[in-house]
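Student: I would like to go through this model with you and see what the terms rest on.

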Amino acid sequence: MSELIPAFDWQQVVVSPWRDDPGTFFWIALMGFLVTVTCGLVGNYLILRRMALVGDAISHSVLPGLALAFLAAYAISASQQGPDVPHEDLRKPLLMFAGALAAGILTAVLIEWIHTKSRVKQDAAIGITFSSLFAFGVILISLFASRIDLDQDCVLYGEIGYVPLELGPGDWVPPSVLRMGIVALLTVVWIVVFYKELLVSSFDPGLAASLGINATLVHYAMMCWLSVVVVSAFESVGAILVIAMLVFPGATASMLARRLPAMLLWTVLQAALSSLLGLHLSLWLDCYPAGAMAVAAAGLFVVAWVAAPREGLLATWWRRRQMALEEPSIPEPPALGDGPMNPRSD
Amino acid sequence: MPLLLMLAASPSLQAARIGDVSDTHWLEQAVRFFSFQDPSLRYALIGSILLGVTCGLLGSFIVVRKLALMGDALSHAVLPGVAIGFLWSMSKNPVAIFIGATVAGLLGALMVNLLTQTTRLKEDTALGMVLAGFFALGVCLVSMIQRLPTGTKTGIDKFLFGQAAAIGAGDVWLMSGVAVLSLLAITLFYKQFLVTSFDPGFGRVIGMPVQVFHLVLMLLLAFAVVIALQAVGVVLVSAMLITPPAAAYMLTDRLHRMLVLAALFGLLSGAIGAFLSFLGNSLPTGPCMVLAASLVFGAAFLGAPRHGVITRWWRQRSRVRRIGRENTLKSIYHVLEDRDFVGEGVSLKELAERRRETIEEARRQARELHRHDFATLQDEDHSIWLTPRGWQRAAAIVRNHRLWELYLTHSASIAADHVHEDAEKIEHVLGEDVVRQLERHLDFATRDPHGKRIPSSVDIHQAGRPAPSREDPRPTGYGGGS
């Protein structure tokens, strides 16, 4: 056991990374924060729309889109410079975005199609769609392993630790952090600009329809944006952190707040905390940072679940107890007679 | 560059296939497959089939309960259990891993229940949280185990994507045990599972321990997930639980038939997956199985005899066309009726005027009638002559329409100018027995509310006469009546 969980050393786990190598850890923490905050903000709406598992599905099903993007990049480069294409040339961010977007839209359309056109329910439709696409992606990758610079493990937990290494000599910011930062900024802009439409269509689809908001459009816009977020987060943090961050910040926020603006603020806070805590957790236990951040987010949710001031388990238990103690002061219901049916008769 | 490093560090793909052979021709491979000589291939095939059957059977229940994604959550939730089971024995001991994974899976299922009961969060969020939380914990544990000096060569990372080649004799025994256990549980408690799946409220009322059966189902599901992990991997196990039963669900309305079909489809996908991954030298087994299952589902989704998309579309299309033909026939009858059934043919112009359409449209409809043997085209396609069959159908449709109008005004007291629209729809679906009933009920009346004559059975069944050039439209229908 002791070799599995190293002793907790405050100096080594918390202080020294920031004192000795602040650059590296700053970028890792920033990347983690950007991913968690973007996923968390989008996830808030997914939770409200009861589509939490659609996010899970899309984060699996972008895989074939990415694989096809690699194959397309290979075909383009090979037609220009012959069959020996260096791996660096296969990473075309634009193509990857396009592939992932197409796969995301395909997922959303397939899910809709299966569950509206047949008797199969939505949950089964989600399961079938994403597993088929993911399996297809894995098979593509293993068939063309030499041409697709991607493997399943990196898809699952990514490598956030490599983010600072991307920093070239003339760069200010590692390219993946820059990309994620732009996506995060766009997400905030998107939420601010379409705040009303998103709010109304998430809480009351009927009202949204009567106000002339196109629900289908909002739905597909959401799906597209989700694919963009997933694919930009993918490389560095993998699907696992994406899935976790789509649900945990939103769920934590909904334990703590009842109004959407407050929920969004709590989401940002939870995102910042879980990326920092996760980073240090991974330093302590020496495990994948993305996995540790997800575990930290889960831990924060559990804290909120137990101790939230109004909705938490403790608060609910305390309220029930108080009510039980104060019971005599509650006016008695009118007696129905002293038969055995009346529980208060004895 | 970092990505290259990563590739070099993860050899999981290269080993995740059954026959670890160098490049051989696929035909040779197929022969090897069907001769069942390789012991590792035998184990892989038997294992794939067993897990397909077990997952198909148990998955049926979660699909009909709309809990399909519970399978997904459960399959991710077992990962920390696998890791802890592994830590316990420090080897890939099937029993330790089995126990750990089952406990973790059950914990996950209980957690989903607890979350939905104690918070405002909906079930999908709870499932997502259990899935992601447990899985992240598992990933951390796995990466910590791999860091251990003894952990690197143990292949615990194979549990993520599965490796059918790693199935050994012990695994096959475990799989058969679980398969037999689930089969027994389902046959013994079929009625209980049926009731708790479709109407838990009723189950509670008749004193059935619904919660207990839910737990038993979750336990069996956890077993199924664990035995499937070896071959399919954590990420894709849920597909084996969802896809074959969903395909079966497209084909039947009864649970017992669905169970049999789902087990069959599971078996099929397992065998096809094992075969494909053996055929291609670099194909991983799990995704092949899942794709095979998806293909089966796709076929059922499109072509199921009653619920399939194509069959339904085809049925609807042929219904729309039948109604179109019947409306044309009705118009021809109206034209004939307007000239007291004098003369045989109806010209395209008359039909077009009657239907307020162009000549071209009328010609298209006439051709359609001709194709279905309801009419012949004469005078260089300018006039339409009904065949006996066409006459019968036309008269029957007009009779249905007028009978229904009369019924609505007579028995439902609806004003005569309000009944046409309704009759326009019902005329195409009234069956002969309902028509008989209506006729009896209306005392074999001969005039509809608008004073037009209702064709009687005698009019309709004048076989061999294309159209009645009858001088006196009989004042009363057969049977006398009003």
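**Burial, helices and contacts**

Tutor: Of the 346 residues in chain A, 48% are buried. The model is predicted: local features need pLDDT of at least 70, side-chain atom pairs count only at pLDDT 80 or more, and totals for chains, interfaces and linings use all residues. Residues are numbered from 1 along each chain as its sequence is written, and chains are lettered from A and ligands numbered from 1 in the order in which they are written.

Student: What makes a residue buried?

Tutor: A residue is buried if 20 or more other C-beta atoms, placed from the backbone, lie within 10 Å of its own; 12 or fewer make it exposed, and in between it is partly exposed.

Student: How many helices and strands does chain A have?

Tutor: Chain A has 13 helices and zero strands, counted as DSSP runs (H or I, at least four residues, for helices; E, at least two, for strands) numbered from the N terminus.

Student: Why are H3(A) and H4(A) called oblique?

Tutor: Their axes, lines fitted to C-alpha atoms over the stretch in contact, with angles from 0 to 180 degrees between N-to-C directions, come within 7 Å and cross at roughly 135°. Under 35 degrees is roughly parallel, over 145 roughly antiparallel, 65 to 115 roughly perpendicular and the rest oblique; H3(A) and H4(A) are therefore oblique to each other.

Student: How many residues does each chain give to the contact between chain A and chain B?

Tutor: Chain A gives 61 residues and chain B 60, where contact means C-beta atoms, placed from the backbone, within 7 Å. On the side of chain A that touches chain B, H5(A) supplies the largest share, 14 residues.

Methods: Two residues are in contact if their C-beta atoms, placed from the backbone, lie within 7 Å.
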